[in-house]
Amino acid sequence: MSQTAYVKHLVPSFLLAILTSFVLTSCNDDDGIDGPVEIALWDIVTYEGKGSDGKGSVFTLRQVDDSPLVTLTSTSGLQDIEAPTRLMIRYIPEGGEAYVSDRIQLLGASKINTGEAATEWKDDYDNWNRDKVFLYSAWRTGTYINFHLRLTYSTEPRIFNLVLDPDTRQSETPEFYLVHIMAEETDYHDRAYFASFDIGEIWNDPKTKGVKIHIADTNLNKDIFTFYKNN
């Protein structure tokens, strides 16, 4: 990424832009209990486009780390979304088994904050830890590093990106920084967000054995997260 990643509007996790939604219908039995009850799953997936017949939607998903890549297909289409795009979806596998390739009943699909990690350091990133984040979790799925966190709310553009330290690029464990710099220091309420950054350019290098992620976190009392390849 050759330019500084200024983000105008972050997509909050509790106010996600719904792209499509569906209503499930059920019958009441004589006792007045709804049934049957299905458990819905929430996952960050990659939208791969329409089905082979030009209809519906195709998603790919890894549950965690290097678990098998599965393909989920739905008869429901998404409007104005280009492939590939990272989304949060809510769904029910038609076969009843989670994290296997299957047709799904798509209940909802929502945008998240996503993009390719930057591999060039800018002077703008030097204050990467000025505006702290409140991290709930960080996890890897294939070449993606995913975050669930809280950030201070503001309508002004900010820098929010995962950025490689170029000095570590040739090491066995290159180091990235979660850069979060607001337009100005702000003491205001915060909101929860999901983010997913693709580090494939670095992760797929044969000499890379893992990556370290530096986070200016105020919640988990941990400022470096390390993710290793499974092989």
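Trainee: So where is confidence lowest in the protein chain, and where is it highest?

Mentor: This is a predicted model, and its confidence is lowest in strand β3 (residues 27-28), at a mean of 32, while β16 is highest, at 98. Over residues 14-37 the pLDDT is below 50, although this stretch has 38 contacts in the model beyond near neighbours in sequence.

Trainee: What should I do with a region like that?

Mentor: Where pLDDT is low, the predicted coordinates should not be read in detail.

Trainee: And what is the mean pLDDT of the protein chain?

Mentor: The mean is 85, and 83% of the residues reach 70 or more.

Trainee: Back to β16, then. Which strand do five bridges join to β16?

Mentor: That's β17, and β16 (residues 210-214) and β17 run antiparallel. Val211 stands opposite Phe227 in β17.

Trainee: Which side chains of β17 are buried?

Mentor: Phe225 and Phe227, which point to one face of the strand.

Trainee: New topic: how many residues has the largest nonpolar core?

Mentor: It has 24, and Phe147, Leu149, Leu162, Phe176 and Ile213 have the most contacts inside it. Among the elements that each supply at least two residues of this core are α1 (200-203), β16 and β17. β12 gives the most, with four residues.

Trainee: What does Phe147 touch?

Mentor: Leaving out residues up to four places away in sequence, its contacts include Leu135, Trp139, Leu162, Phe194 and Ile213. There's also a second, separate core of 15 residues, including Leu61, Ile89, Tyr91 and Ala109.

Methods: Residues numbered from 1 in each chain as written. Predicted model: local features only at pLDDT ≥ 70, side-chain atom pairs only at ≥ 80, totals over all residues. Heavy atoms only, no water. Buried < 20%, exposed > 50% of the residue type's maximum accessible area, 1.4 Å probe, protein only. Pairing = 2+ DSSP bridges. Core = buried A, V, L, I, M, F, W, Y, C linked by side-chain atoms within 4.5 Å. Contact = heavy atoms within 4.5 Å. pLDDT = per-residue confidence, 0-100.
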